[in-house]
Amino acid sequence: MLFFFVIFTVTLCIFMSMQSLLTPKRTKGRWVSLDNFFYLICLYATILIAFGLIYIILDLNGHVVLIDETSYGGINFLDRLASGFYFSAVTLFSLGYGDVIPVGLGRMVAVVEALIGYVIPTAFVARVVFNIDNKNDQ
């Protein structure tokens, strides 16, 4: 039961951070600003940590989701945690290097994370441009 609650909570955090990107007046009406930069960093950090936790939680529940070049099942928890966050970061910012491979349910989670990683910059730029156009119309 705790497993499903934690997965639900992490997923809710992902959706809430993505929703904040689409709400009006969240970004400043300039192309380049320190506020926009920090907002984007926080958004990426939230998504990265949340998906890293999903990989670790699934692994702790007995699902094999990642295969590392090293023997993933025989390493300690901190190494598994580092591998989960590393894979999350690489998947969010690119399609990966191939040194950590998703398997089973991890493949679907990785696809969703990669999709979010490609949608964030597009949505952010659209939001900033939309805010600038609205300010010019007023």
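This is a predicted model: local features need pLDDT of at least 70, side-chain atom pairs count only at pLDDT 80 or more; totals for chains, interfaces and linings use all residues.
**Entry 1: Val111**

I started at Val111, which counts as exposed because its relative accessibility is 52%, and exposed here means over 50%. Val111 sits in helix 4. I then looked for its distance to Thr91, which is 20 residues away along the chain. The two C-alpha atoms are 8.5 Å apart. Thr91 itself is one of the buried residues of helix 3.

**Entry 2: the overall layout**

I stepped back to the whole chain. I count four helices and two strands, and reading from the N terminus the order is α-α-β-α-β-α. Of the 138 residues, 40% are buried.

**Entry 3: helix 3**

I checked the length of helix 3 next. Its 17 residues span 24 Å from first C-alpha to last, close to the 24 Å expected at 1.5 Å a residue. Then I listed what is buried in helix 3: Arg80, Ser83, Gly84, Phe87, Ser88, Val90, Thr91 and Leu92. I marked Phe87 for a second look, with its relative accessibility of 6%.

**Entry 4: aromatic pairs**

How many aromatic pairs does a search of the whole structure find? I got two. Tyr44 and Phe93 make a tilted pair, with 5.1 Å centre to centre and 50° between the planes. Tyr44 belongs to helix 2 and Phe93 to helix 3, so this pair ties together parts 49 residues apart in sequence. Tyr44 is buried, at a relative accessible area of 15%, while Phe93 is exposed, at 52%.

The other pair is Tyr55 with Phe87, and I noted it as edge-to-face because the planes stand at 75°, and the cut-off for that class is over 60. The ring centres are 5.2 Å apart. Tyr55 is in helix 2 and Phe87 in helix 3, so here the parts tied together are 32 residues apart in sequence. Buried or exposed, for Tyr55? Tyr55 is buried, with a relative accessible area of 0%. Phe87 counts as buried as well, at 6%.

**Entry 5: the nonpolar core**

I went to the largest nonpolar core, which has 23 residues. Those with the most contacts inside it are Ile14, Ile47, Phe51, Ile54, Tyr55, Ile116 and Ile120. Helix 1, helix 2, helix 3 and helix 4 each give two or more residues to this core. Which element gives the largest share of this core? I found helix 2, with 10 residues.

Last, I opened the second largest pocket, which holds about 150 Å³ of space. Its lining is Ile7, Thr11, Ile14, Phe15, Phe51, Ile54, Val109, Val112 and Ile116. The elements giving two or more residues to that lining are helix 1 (2–22), helix 2 (34–60) and helix 4 (105–137). Helix 1 provides the largest share, four residues.

Methods:
Residues are numbered from 1 along each chain as its sequence is written. Side-chain values use heavy atoms; hydrogens and water are left out. On a 1 Å grid over the protein atoms alone, a cavity is a set of points where a 1.4 Å probe fits but cannot get out, and a pocket is an open set with protein on both sides within 12 Å along at least five of seven lines; lining residues have an atom within 4 Å of a point. Grid points are joined across faces, edges and corners, and a volume is the space filled by probe spheres set on the points. A nonpolar core is a set of buried Ala, Val, Leu, Ile, Met, Phe, Trp, Tyr and Cys residues joined through side-chain atoms within 4.5 Å. Buried means under 20% relative accessible area, exposed over 50%, partly exposed in between (1.4 Å probe, protein chains only). The expected span of a helix is 1.5 Å times one less than its number of residues. Rings of Phe, Tyr and Trp (its six-membered ring) pair if their centres lie within 6.5 Å; planes under 30 degrees apart count as stacked, over 60 as edge-to-face and the rest as tilted.
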